[in-house]
Structures are given as structure tokens and as C-alpha cells.
Amino acid sequence: MLRPTRLTIGDTIGIIAPASPPKIEPLKKGINILKKFGVKIHEGQHLYDEVGYLAGSDYDRVNDLHSMFLDPKIKAIFCACGGYGTPRIVDRLDYNLIANNPKIFWGYSDITCLHTSIHKKSGLVTFHGPMPSSDMGHDDFKLLSEQLIQQLFEPTTLHYDETISPLDVLVEGIVEAPIVGGNLSLLVSSIGSDYDIDVKDKILLIEDIGEEPYRVDGMLNQLRLSGKLNDAAGFLIGSFTEAEPKKRQSSLTLDEVFHHYLNHYGKPVMKGFLIGHCQPHFSIPLGAMAILNTYTKTLTIEAGVC
């Protein structure tokens, strides 16, 4: 595990768009949220590029990411938004460059592919958290979401319990292991490649948006068939928003799908975490050690920075 160095007031955060083009007005508002922490902002050269549904060519998006890791003035890298695009570039990244220049890397949703590949190839702890254009720049951005950015400035052990949201236990147990994962559809998209997620003896976080129960069923089945569910040490179910059945009048519920796939392994499973496409969004360091305890209904995660 390679933890990045914490931020201090006056440091510079780089903003890149490795997936889809960010919406400009929310991006500006989101950047102002970050500036409240006393940091400077450096925008990637291709931050405002558009090539269809991509924020620039694959080459330019990779170049922006590499440039941010190489620049010693940049202490953290925030992705402006998700959308689509990171699966196209995971095999183009220089992971030795990243490992030799470790720094804070922040985002979620489509950025899941980068979290997974960067941690697998370099060991770097990265951060699953809300982004300037898609989250911070909107009126529903919650105070707790903003406050959790503070974990980048001081090594902080994170505690999640039912004071934040109701939690439901599917399988009882206690597990201590690194936490990995993110957006379920992105995790499934890389299975069978050299960049798929390593869940062996790890707590697997899953979350998603706009996926009906039958779609979640199919994705969890793919994780089952690939051995990922058997390999994991425990399961943490984040936010699954806009997941109501639409195409079929008759449907299993999302809870029935989770029970079917996750209740057979004798490993701790808990759901209800506000992690993902939701507000507030509880940001966490991926790759850091965590303790999932269903008896106390708590999740404790060690600091992601040093």
C-alpha cells in the first residue's frame, strides 16, 4: 500500500477530465468549493476539450493525467466528472510514472476504472469521492460531502455508523481488510483484462446509478462466474440510485438480488452506505485498511494520506 502525502494550505490541485466533458458552470462552482480549503487550482490543458462524448482524444486525456502526476507543483489530482472514457485509456497509462510520483487522486463513477488499475499496478491509495462538475457545483451538494474533503489535509480515521444513514445487515460478521471497488458496471467492464479488480481477501464496495434490478443481477452474476464474489472477504453496498424497474412489470427487488448473490459465502455484508451517486456522498480512500463490523453496524477506515 502506497499512501500519498497530505495536502497543506497553499498547495495546488490539478483538475482533469479523463472521461466525459464537464459541464462548465457546475465546474466553476465546484472549483470554488475546493478553493475554500485554501488551495490553488491548475486546470489540465485539455480540460475543456470535446470529442463527442469524450473530453478530448484518448492521447490528450492520458497526457493530462501523466502531466499532473509528473508536475511537482501539483499535490492532488481531482477528476472533474465521470460519464464515459476511462476504460479506453487504462492500458495507455504509465503506472511506473504514477508509482514514482504518488499523489492524491480523487473521483468516482467512470473513474472507477482508474482507481482499480492504478491501485492494482502501483499500490497507490486513491479516493472515491464527489467531483467538481458532477457534484460540488450543484445546489444539493451537502455539507458532510464538503467536510470529508478535509481528510486530505490531515491523516484521519473515518467512522461510518447509523448516525449518517440507516444500515442493514445481510450477513453477520467482522472483517478487517483493504477496501476496494466502486461503480459496479465499471468493475464488470474490465473483468478478464489485465486491469480487472483484485478482490482477493478484500472488502468489495459496489454502487451504481440507473441500473434496474435485472441489470444488477447480470453484473453480480458476472462477478460470481469470474470468482470475484468468492475471493472477496466481505461486501459493502453503497448507493444504488434510480434503480427502480422500468422495462418489466414483474421484477425481483434489488434487495432480493443482493440476497441471492451475496448471502451464500458466509462473509459480512452490509448495505445502506451513502457512498456513490448520492448526497451526501461519504468519500473514502480505496486501498486503505478497513474494519466492517455488522454487530455494531460500523465501518472504520484508516487514513488515506500520510
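A nonpolar core is a set of buried Ala, Val, Leu, Ile, Met, Phe, Trp, Tyr and Cys residues joined through side-chain atoms within 4.5 Å. Buried means under 20% relative accessible area, exposed over 50%, and partly exposed in between (1.4 Å probe, protein chains only). The model is predicted: local features need pLDDT of at least 70, side-chain atom pairs count only at pLDDT 80 or more, and totals for chains, interfaces and linings use all residues. Residues are numbered from 1 along each chain as its sequence is written, and side-chain values use heavy atoms, with hydrogens and water left out.

**View 1. The largest nonpolar core has 26 residues.** Leu184, Leu204, Ile206, Leu220, Phe240 and Phe258 have the most contacts inside this core. Two or more residues come from each of β7 (168-171), α7 (184-189), β9 (203-209), α8 (213-225), β10 (234-241) and α10 (254-262). Helices (H or I, at least four residues) and strands (E, at least two) are DSSP runs, numbered from the N terminus. Helix α10 gives the most, with five residues. Contact means heavy atoms within 4.5 Å. Beyond its neighbours within four places in sequence, Leu204 is in contact with residues including Val180, Leu187, Ile197, Leu223 and Phe235.

**View 2. Phe78 and Trp106 form a stacked aromatic pair.** Rings of Phe, Tyr and Trp (its six-membered ring) pair if their centres lie within 6.5 Å; planes under 30 degrees apart count as stacked, over 60 as edge-to-face and the rest as tilted. The whole structure holds 10 aromatic pairs. In this one, the centres are 5.0 Å apart and the planes 15 degrees. The pair links distant parts of the chain: Phe78 is in strand β3 (residues 74-79) and Trp106 in strand β4 (residues 104-107), 28 residues apart. Phe78 is buried, at 0% relative accessible area. Trp106 is also buried, at 0%. Ring pairs link Phe78, Trp106 and Phe127 into a cluster.

**View 3. Lys121 lies over the face of Tyr195.** The distance to the ring centre is 5.1 Å. A charge sits over a ring if NZ of Lys or CZ of Arg is within 6 Å of the ring centre and within 35 degrees of the ring normal.

**View 4. Helix α2 (residues 58-70) has 13 residues.** From first C-alpha to last, α2 reaches 18 Å, close to the 18 Å expected at 1.5 Å a residue. The expected span is 1.5 Å times one less than the number of residues. Buried residues of α2 include Arg61, Val62, Leu65, His66 and Phe69. The buried residues of α2 pack against β1 (12-16), β2 (40-43), β3, α3 (95-100), β4 and α4 (112-122).

**View 5. Loops hold a cis peptide bond and positive phi values.** The cis bond joins Gln279 and Pro280, with omega about -5 degrees. Pro280 sits in the loop between β11 (269-271) and β12 (284-286). Asp201, in the loop between α7 and β9, has a positive phi of about 60 degrees although it is not a glycine. Glu242 is not a glycine either, and has a positive phi of about 55 degrees. Glu242 lies in the loop between β10 and α10 and is partly exposed, at 49% relative accessible area.
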